[in-house]
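Have the coordinates open while you read.

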Amino acid sequence: MLKKHKILVVDDEQAIVAARAIILESQNYETATAYSGEEAVQVASWFQPDCIVSDIAMGTMNGVDAAMEILGVLPRCKVFFISGNVCCDDLLEKARAKGFDFDVLQKPLPPPEMLARVEQICSQSGLLS
């Protein structure tokens with residue numbers, strides 16, 4: 001039997017989080033949600049996601065900082081961002097300087113493209129077993 005992959009959905013807009021979680025669950029992914037970078041770090045500690053789908057620009061802790069903190073504890077977790085914010089290049093450069101290379105897809109992202117990216121991540125990382 002195939003393992004049900006765990007996806008953490010992070011965005012400060014609750015409607016976006018809910019929609020993405022429903023779309024992922026419809027494809028048999030197990031989801032958890034968070035509405036800030038700080039909450040994402042907390043949820044990831046107990047949920048142990050295989051993949052994180054996150055916004056970048058959120059409140060006090062942005063998605064890039066949250067992802068780097070989570071990957072310090074869960075190095076096999078994969079992360080990609082969906083963002084409409086073009087001012088995040090500096091955050092991504094800082095992450096690259098620390099050895100992190102994150103993919104960023106532009107909002108609005110059609111559900112089939114999000115699902116294709118999640119499937120690609122899970123299959124590339126050996127998570128489909």
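Eleven residues line the second largest pocket, and K78, V79, D101, D103 and R117 lie nearest its centre. Keep in mind that this is a predicted model, where local features need pLDDT of at least 70, side-chain atom pairs count only at pLDDT 80 or more, and totals for chains, interfaces and linings use all residues. Residues are numbered from 1 along each chain as its sequence is written, and side-chain values use heavy atoms, with hydrogens and water left out.

**Second largest pocket**
- A pocket here is an open set of points on a 1 Å grid over the protein atoms alone, with protein on both sides within 12 Å along at least five of seven lines; lining residues have an atom within 4 Å of a point.
- Its volume (the space filled by probe spheres set on the points) is about 170 Å³.
- α5 (111-124) and β4 (78-83) each give two or more residues to the lining, with α5 giving the most, three.
- By class, the lining has five nonpolar, two polar and four charged residues.

**Largest cavity**
- A cavity is a set of points where a 1.4 Å probe fits but cannot get out; one of 30 Å³ or more turns up.
- The largest cavity comes to about 40 Å³, and its lining includes V10, A40, V79 and F81.
- α3 supplies the largest share of that lining, four residues.
- Eight of the lining residues are nonpolar, two are polar and none is charged.

**Helix α2**
- Buried residues (under 20% relative accessible area, 1.4 Å probe, protein chains only) of α2 (37-47) are G37, A40, V41, V43, A44 and F47.
- Just after α2, Q48 has a positive phi of about 55°.

Conventions:
Nonpolar A, V, L, I, M, F, W, Y, C, P; charged D, E, K, R; others polar. Buried < 20%, exposed > 50% of the residue type's maximum accessible area, 1.4 Å probe, protein only.
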